[in-house]
Amino acid sequence: MHLRLEQHLVAQLLQAANSCAPHEACGLLGGKQGQASHFIAIDNVAASPMHRYEMDSSQLVKAFFALERDNLELCAIWHTHPEGRPRPSPEDIRAAAWPDVCQLILGFVNGKAELAAWQVAPGGVKRVPLQIGNAVQDLAPEEESAGRNLAIWGSAALAILLALWLAISLLPPAPRIP
Ligand SMILES: [Zn+2]
């Protein structure tokens, strides 16, 4: 499974996210053979739309008919996390009804947009390769990035040095040699 997005879809996703924030936005992407080219926004009718999404069922049915009419496949189901990483929430995993369809999530971490695609099945969650335009470009960094690992090791080394310094400074003075 993989997902390719035409470049203009990224702008449409960002626009939908901004116009719905702080609520989650949601919808579908249509296209052919894993290449998404058509953007469909659907109203989020969830009771708590800031933390989850539920697509309006009548709009969803209309969207499916439109894809059928235009001879397009359902390439992805997308939604936004206005204040969170683009990884499926426990609620997203619980509610996932289409394990064969890619789930695209647009998240915002410290105001910066991150995009990632997933396959969400009852057995687990798998990252799906995402390509934007012609470039292979996954906008979301891996959870444990090299920079973060370096920071963790750096602070561990500092803690060890501090402990050593404390141990040395607490040692009794060396006995005098007559
Ligand atoms: Zn979500």
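The mean pLDDT of this chain is 84, and 75% of its residues reach 70 or more. pLDDT is the predictor's confidence in each residue, on a scale from 0 to 100. Over residues 143-152 the pLDDT is below 50, and beyond near neighbours in sequence this stretch has one contact in the model. By contact I mean two residues whose C-beta atoms, placed from the backbone, lie within 7 Å. Where pLDDT is low, the predicted coordinates should not be read in detail.

Two notes on conventions. This is a predicted model, so local features need pLDDT of at least 70 and side-chain atom pairs count only at pLDDT 80 or more, while totals for chains, interfaces and linings use all residues. Residues are numbered from 1 along each chain as its sequence is written.

Now the layout. The chain has four helices and nine strands. These are DSSP runs numbered from the N terminus: helices are H or I with at least four residues, strands are E with at least two. From the N terminus on, the order is β-α-β-β-α-β-α-β-β-β-β-β-α. Of contacts between residues at least 6 apart in sequence, 61% join residues at least 24 apart.

Of the 178 residues, 25% count as buried. Buried means that 20 or more other C-beta atoms lie within 10 Å of the residue's own; exposed means 12 or fewer, partly exposed is in between, and the C-beta atoms are placed from the backbone.

Next, strand S2. How many of the seven residues of S2 are buried? Six are, so S2 is largely enclosed by the rest of the structure. S2 has two partners on my list, where pairing requires that DSSP finds at least two bridges between the strands. Seven bridges join S2 to S3, and the two run antiparallel. S2 and S4 are also antiparallel, joined by six bridges. Leu 28 shows both pairings: its bridge partner in S3 is Ile 40, and in S4 it stands opposite Ile 77.

S2 and S3 form a hairpin with two residues between the strands, and Gln 33 in that hairpin takes a positive phi near 50 degrees. Gln 33 is not a glycine. Is Gln 33 buried or exposed? It counts as exposed, because it has 8 C-beta neighbours inside 10 Å.

With 8 C-beta neighbours inside 10 Å, Asn 71 counts as exposed.

One more loop. Pro 22 sits between helix H1 (7-20) and strand S2 (26-32). The peptide bond from Ala 21 to Pro 22 is cis, with omega near 10 degrees.

S5 and S6 run antiparallel and are joined by seven bridges; Gly 107 has Glu 114 in S6 as its bridge partner. They form a hairpin with two residues between them, and Asn 110 in the turn has a positive phi of about 55 degrees. S6 then runs antiparallel to S7 (residues 124-128), with five bridges. Two residues make the hairpin link from S6 to S7. Trp 118 has Arg 127 in S7 as its bridge partner.

Now the core. A nonpolar core is a set of buried Ala, Val, Leu, Ile, Met, Phe, Trp, Tyr and Cys residues joined through C-beta atoms within 7 Å. The largest one here has 31 residues, and those with the most contacts inside it include Leu 29, Trp 78 and Leu 104. S1, H1, S2, S3, S4, S5 and S6 each supply at least two residues of this core. The largest share, five residues, comes from S6. In soluble globular proteins, nonpolar side chains tend to be buried together.

Last, Arg 94, in helix H3 (residues 90-95). Arg 94 is exposed, because 11 other C-beta atoms lie within 10 Å. Arg 94 and Val 120 are 26 residues apart in sequence and 9.2 Å apart in space, C-alpha to C-alpha.
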